[in-house]
Amino acid sequence: MNNQLLPSQVEELNKLCREMRKDIVKMIHAAKSGHPGGNLSAVEILAVLYKCCMKHSPEWDKSPDFDKRDRFILSKGHASAALYSILAECGYFPKEELMTFRKLGTRLQGHPSCRHLKGIEVSTGSLGQGLSMACGVALGLKIDKNPANVFVFVGDGEMQEGSIWEAVMNASHHNLDNLIAFIDKNKLQIDGSTCEVKSIDPLDEKLEAFGWNVITIDGHDVEEIFDAIQIAKTMDRPTAIIAETIKGKGVSFMENNCAWHGKAPNDEDFARAMAELEK
Amino acid sequence: MIKILQGKDREKKSIRSEYGKTLVELGKSNPNIVALDADLSCSTQTAMFGKEFPERFFNMGIAEQDAMTTAAGLSTTGKIPFVSTFAMFATGRAWEQIRNSICYPRFNVKIVATHGGITVGEDGASHQALEDVAIMRDIPNMTVIVPADCTETREVIKFAAEYDGPVYIRLARTNVPNIFDPETYKFDLKKALVVREGKDVTLITNGETLVEALDCAELLEKVGIDAEVIHMPVVKPVDVDTIVESAKKTQNVITIENHSIIGALGSAICETLSENHPVKVKRIGINDQFGQSGEQRELMNFYGLTGEKLAERITKYLKK
């Protein structure tokens, strides 16, 4: 792997992100439920991780190197549509299956379930648990001197959960340098802005005070995401990458609007959203 | 046949120490076993494991939610985590972590909680878990076991290490008389044990109250009541056949447990019998109330759970 993204890779990733956004809007529209805002803010990070940074493969469970795969944990499990989109893109299951999202009998449960779908490491959805889970995985890998990394994706509203801070302490206490946490700082939660509901700021200073290495980036810039991961991998401490993002990114009327946290677009909204994403 | 020890052979021993020792033994033969605690390792006795295997022991501090979910994560790397703290905090504080991060994905995590029941003693109601078995039993994929003595605790811990899936094991704080002969005892997940045969009434119990039920049965014999005593360490899954068979014989069932009468052993028996062989069931335990401070034996007496008190209560009940 390169230390920097090539211009052609940047172009490909940005193209992929547009396709993922279309998938997300289509899936949530078809399911008539889901979380457009927090899925659309997560796209670039997932694309960079799965396409350029993580060691993984849908066929790896047939290989002796399966244990060496990097692990990804979606603590903000409501961004499942984005995760399913990138997993389908990477060949974990056929793309047509995306349209079964949230429907009876589907492998693509509303929130990711490892008992339903290969490629999901752990079941998530109930907020505040993914970071502890990631710490456990990271500890297990360390015991085995396994060089794999653990990536966990946490929402900013989720940082209000007390158990997150238990895990933050856990990671620094055990010096989990194989743990990299993305915090999707889209600044909104269901009931309003994170500042108004219960402020988590200054998040960078808090995490630093807890012993973490902190990098703040534009969470929609694929190069910044890639570079931050390269730096994080060299650190001798757990790293938090605070990704400044826009909730609903890519669909103008969903952007920065908490009304679109957990609402499916109707047919008219869907047509407008798709038209914008096709541009 | 499992031999039941009698009289002086029933040596009083610490269930918690037995757990600690067994875990160390297992750790020696199985490098995948890891232990987690939440700042109570000297009480739960996981400190023994920590001393022997510091690289496989994680004190998570006073953070039960983190402890449970970290254990879940560890299990995904092939480790077999044993998580211990007091039953109150293990099940109460971290219930949703156990449900969503351990049982839903069916991860291989063993929760061994100590200080179950009223016999926590002087610490009082805030620390006396009277609801833990109920709230663990309710979760799909969970196996729930309440061993009665050291012999059984040892075998149950060994079983849990072998079994693939989440297990909740509830241990008492107290030193309990050893009832089962270690040479002949075998743990069977699918089997409740008829530890005394009788024809007039069936007493079903587990954990610390087994010895009380046996004492009670002897006292009942003196007043002409022939009680059958069934020990049901596995509250989930229920051994339906043994329970139904006994109920058919005696037509009269009483459950005895160091737990709220709502949701745990008593409820499991009521559910089983009402579906399979409806007979009247009397539930004895803590009656939908909080506990209080007191010495262990005083509390058992106050809440009517000693052999003597049980015999009095049951005699009165059967005469009605």
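In chain B, the centres of domain 1 and domain 2 sit 25 Å apart, taken over C-alpha atoms; the domain bounds come from an automatic or database domain assignment. The model is a predicted one, where local features need pLDDT of at least 70 and side-chain atom pairs count only at pLDDT 80 or more, while totals for chains, interfaces and linings use all residues. Residues are numbered from 1 along each chain as its sequence is written, and chains are lettered from A and ligands numbered from 1 in the order in which they are written.

Domain 1 of chain B covers 7–177 and domain 2 covers 193–319. Between the two, 27 residues of domain 1 of chain B are in contact with 28 residues of domain 2 of chain B, contact meaning C-beta atoms, placed from the backbone, within 7 Å. On the domain 1 side, the elements giving two or more residues are α7 (132–137), β6 (143–145), α8 (150–162) and β8 (175–177) of chain B. Helices (H or I, at least four residues) and strands (E, at least two) are DSSP runs, numbered from the N terminus. That side of domain 1 splits into 15 nonpolar, 7 polar and 5 charged residues. Here Ala, Val, Leu, Ile, Met, Phe, Trp, Tyr, Cys and Pro count as nonpolar, Asp, Glu, Lys and Arg as charged, and the others, Gly among them, as polar.

Turning to the chain pair, 22 residues of chain A are in contact with 23 residues of chain B. On the chain A side, α5 (130–143) and α6 (162–173) are the elements that give two or more residues, and α5(A) gives the most, with 10. By class, this side of chain A has 10 nonpolar, 8 polar and 4 charged residues.

The largest nonpolar core holds 185 residues, of which L46(A), A47(A), A82(A), A134(A) and L203(B) touch the most other members. Such a core is a set of buried Ala, Val, Leu, Ile, Met, Phe, Trp, Tyr and Cys residues joined through C-beta atoms within 7 Å. A residue is buried if 20 or more other C-beta atoms lie within 10 Å of its own, exposed if 12 or fewer, and partly exposed in between, with C-beta atoms placed from the backbone. Domain 1 and domain 2 of chain B both give residues to this core, so it lies between them. Leaving aside neighbours within four places in sequence, L203(B) has contacts that include A213(B), A227(B), V229(B), I254(B) and I256(B).

Chain B has an open sheet of 7 strands in the order β3-β2-β4-β5-β7-β6-β12, with mixed pairing; strands pair if DSSP finds at least two bridges between them. Its edge strands are β3 (57–59) and β12, each pairing on one side only. Strand β2 (residues 33–37) of chain B runs parallel to β3(B), joined by 3 bridges, and D37(B) stands opposite N59(B).

Another open sheet of chain B has 5 strands, ordered β9-β11-β10-β13-β14, again with mixed pairing. At the edges stand β9 (193–196) and β14 (281–286), each with a single partner strand, so one side of each is left without a neighbour in the sheet. The twist averages 25° from one strand to the next. Inside this sheet, β10 (residues 201–205) and β13 (residues 253–260) of chain B pair in the parallel sense over 4 bridges, with T205(B) opposite I256(B). Helix α10(B) lies across β9, β10, β11 (227–231) and β13 of chain B, running at about 150° to β10(B). Helix α13 (residues 307–319) of chain B lies across β10, β13 and β14, at about 150° to β14(B). Axes are lines fitted to C-alpha atoms, for helices over the stretch in contact, and angles run from 0 to 180 degrees between N-to-C directions.

In chain A, 7 of the 7 residues of β3(A) are buried, so this strand is largely enclosed by the rest of the structure. L179(A), A181(A), I183(A) and K185(A) point one way from β3(A), and I180(A), F182(A) and D184(A) the other way. Strand β2 (residues 150–155) of chain A pairs with β3(A) in the parallel sense over 6 bridges, and G155(A) stands opposite D184(A).

The peptide bond from D201(A) to P202(A) is cis, with omega near -5°, and P202(A) sits in the loop between α7 (194–198) and α8 (203–209) of chain A. K236(B) and P237(B) are also joined by a cis peptide bond, with omega about 0°.
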